[in-house]
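Here's a quick briefing for anyone meeting this structure for the first time. Have a look at it, then read on.

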Amino acid sequence: MSSAAAVRFEDAEPKRVILIVEDDVMMRSLAADYLRNSDFMVLEAANAAEAMTILSSNIEIDLVFSDVMMPGTMNGFDLARWIHQHH
């Protein structure tokens, strides 16, 4: 690798990581595709339980983009409170 290529690689900013929490597969897919095309790394969860599993891993999440009404015992507001308490 040339030194010019090494400099460009080292200077490149890491991609920001966004977690999308949305139970509607089409909506989640549309949002994820748009964000990936905008050069973000995107993780996806279908509900709050899946999101909490991802958030409890070693992955550093920069932003959580969540639906409000979701199946399961937690809605988007409950998830936001959980994130505030645990992260």
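Predicted model: local features only at pLDDT ≥ 70, side-chain atom pairs only at ≥ 80, totals over all residues.

Residues are numbered from 1 along each chain as its sequence is written, and side-chain values use heavy atoms, leaving out hydrogens and water.

**The cores**
- A nonpolar core here is a set of buried Ala, Val, Leu, Ile, Met, Phe, Trp, Tyr and Cys residues joined through side-chain atoms within 4.5 Å.
- Buried means under 20% relative accessible area, exposed over 50% and partly exposed in between (1.4 Å probe, protein chains only).
- The largest nonpolar core has 16 residues, and Leu19, Val21, Leu55, Ile61 and Leu79 touch the most other members.
- Strand 1 (17-21), strand 2 (41-45), helix 3 (48-55) and helix 4 (76-86) each give two or more residues to this core; helices (H or I, at least four residues) and strands (E, at least two) are DSSP runs, numbered from the N terminus.
- Helix 3 supplies the largest share of this core, five residues.
- Another core, of five residues, lies apart from it, and includes Ile20, Ala32, Leu35 and Val42.

**Helix 4**
- Gly76, Leu79, Trp82 and Ile83 are buried in helix 4.
- Down the helix axis, these buried residues fall within an arc of 115 degrees, so they line one face of helix 4 (the arc is that of the directions from the axis to the C-beta atoms).
- On the other side of helix 4, Phe77, His84 and Gln85 are exposed.

**A loop residue**
- Met69 sits in the loop between strand 3 (63-66) and helix 4.
- Met69 counts as exposed because its relative accessibility is 63%.
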